[in-house]
Amino acid sequence: MKRLIPHHIYALQPYQSARRIGLTGRVYLNANESPWNNIIKYQHTNLNRYPEFQSSVLLNKYAQYSNISIDNILITRGADEGIELLVRAFCMPKNDKIMFFPPTYDMYAVIANMYNIKKKIIPILSSFQLDLINIKKHINDVKLIYICNPNNPTGNFFLKSDIISILDIIPLKTLLIIDEAYIDFSVKNSFVSKIHKYANLVILRTLSKAFGLSALRCGFVLSNSNIINVLKKVSAPYPIATPVSDLAIQSLQLENIKYVQENILQVVFNKDFLVKKLQSFSCVDYVFPSKTNFVLVRFFKSDIIFQHLLLHGIVVRDQSYKTGLNNCLRISIGTMKECQDIIQALCMLEGKKL
Ligand SMILES: *Cc1c(COP(=O)(O)O)cnc(C)c1O
């Protein structure tokens with residue numbers, strides 16, 4: 001094999017998705033999915049014809065939802081495909097460099113490795129904010145900058161003024177990509193309205209999180225039409241299957257958007273409940289504030305907690321191996337019952353009454 005494949009693919013560590021890690025249990029709080037199934041129903045369509053390159057109905061629906069024009073939107077196979085298309089379209093293997101700010105979403109590094117693109121890694125500060133001084137020092141030799149906002153796995157927003165200050169000094173040959181996978185939980189913090197002001201701003205969105213459609217694999221790139229058109233060049237010939245766009249269109253009907261918004265309120269309620277309870281345990285060191293549908297928790301001994309929860313059928317995401325996240329676990333916000341399950345398991349560990 002070593003002689004058969006390029007070295008960078010031989011050395012490639014694929015993305016360790018929750019499904020690939022493959023832990024099994026009863027309660028899944030490891031992939032930031034919605035715990036509620038959708039109310040949309042699958043309506044069978046004729047499949048003998050190829051789909052439109054981009055479903056015009058879906059483009060119009062998402063344009064309405066995100067308050068921009070259809071020329072500013074590319075529909076993708078999840079936000080993950082957006083991350084990849086940008087590298088494919090704008091980066092020269094071995095020459096170009098992308099910048100990102102760990103601990104953050106792992107796909108930026110995985111895609112850079114997959115395409116043999118160099119990485120400029122600038123860790124976030126202990127406050128979980130951007131290290132502006134170092135970012136500005138290196139901004140001139142990078143092609144793409146990926147900012148996950150709100151950040152996964154820390155759960156916080158970066159300061160708006162920091163992101164604006166990057167946009168204000170960014171060279172024209174560089175793109176700033178804001179991954180807004182969790183923005184629906186706090187939509188007023190979106191940068192979407194800045195697309196008209198900054199020609200090199202790109203935003204990534206998804207239906208996988210707040211919309212509860214992880215299995216659908218549908219996301220969006222939002223940017224000025226020149227960038228959208230370049231991405232179209234490197235897209236697959238028929239990137240979005242007809243059943244996917246049909247279901248995505250339904251998910252953007254007013255009735256479903258209301259349902260999603262109710263679920264978001266429930267997530268916030270459950271999160272407040274879970275955070276308060278977690279703070280009362282002596283095994284918990286700190287619960288980081290979160291604007292998303294997950295919380296990052298620092299325990300005193302996270303490996304013991306991880307195994308104990310697993311023993312009780314509760315699967316969460318280990319983050320303790322990441323820089324700055326010693327003893328940290330990421331817990332997705334589930335139903336109230338699922339939040340209580342976690343509390344109950346921790347009570348057993350500490351010999352506490354519920
Ligand atoms: C979940 C997630 C994605 C992936 O979204 P898909 O649309 O399911 O591909 C992208 N970015 C971040 C930060 C995520 O947490």
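User: What makes α4 stand out in the lining of the largest pocket?
Analyst: α4 gives the most to that lining, with 6 residues. It spans 78-90, and counts as a helix because helices are DSSP runs of H or I with at least four residues, numbered from the N terminus. This is a predicted model, where local features need pLDDT of at least 70, side-chain atom pairs count only at pLDDT 80 or more, and totals for chains, interfaces and linings use all residues. Numbering runs from 1 along each chain as its sequence is written, and side-chain values use heavy atoms, with hydrogens and water left out.

User: Which residues of the lining are closest to the centre of the largest pocket?
Analyst: Tyr15, Ser17, Asp80, Tyr105 and Arg217, out of 35 lining residues, where lining means having an atom within 4 Å of a point.

User: How do you know that the lining of the largest pocket draws on domain 1 and domain 2?
Analyst: Each of domain 1 (7-33 + 256-350) and domain 2 (56-253) supplies at least three residues, with bounds from an automatic or database domain assignment.

User: What about the second largest pocket, how much space lies there?
Analyst: About 390 Å³. Thr104, Asp106, Ala109, Tyr321 and Lys322 are the closest to its centre among 18 lining residues, and α5 gives the most, with 3 residues.

Technical notes:
1 Å grid on protein atoms, 1.4 Å probe; cavity = no way out; pocket = protein on both sides within 12 Å on 5 of 7 lines; lining within 4 Å. Helix = DSSP H or I, 4+ residues; strand = E, 2+ residues; numbered from the N terminus. Points joined across faces, edges and corners; volume = space filled by probe spheres on them.
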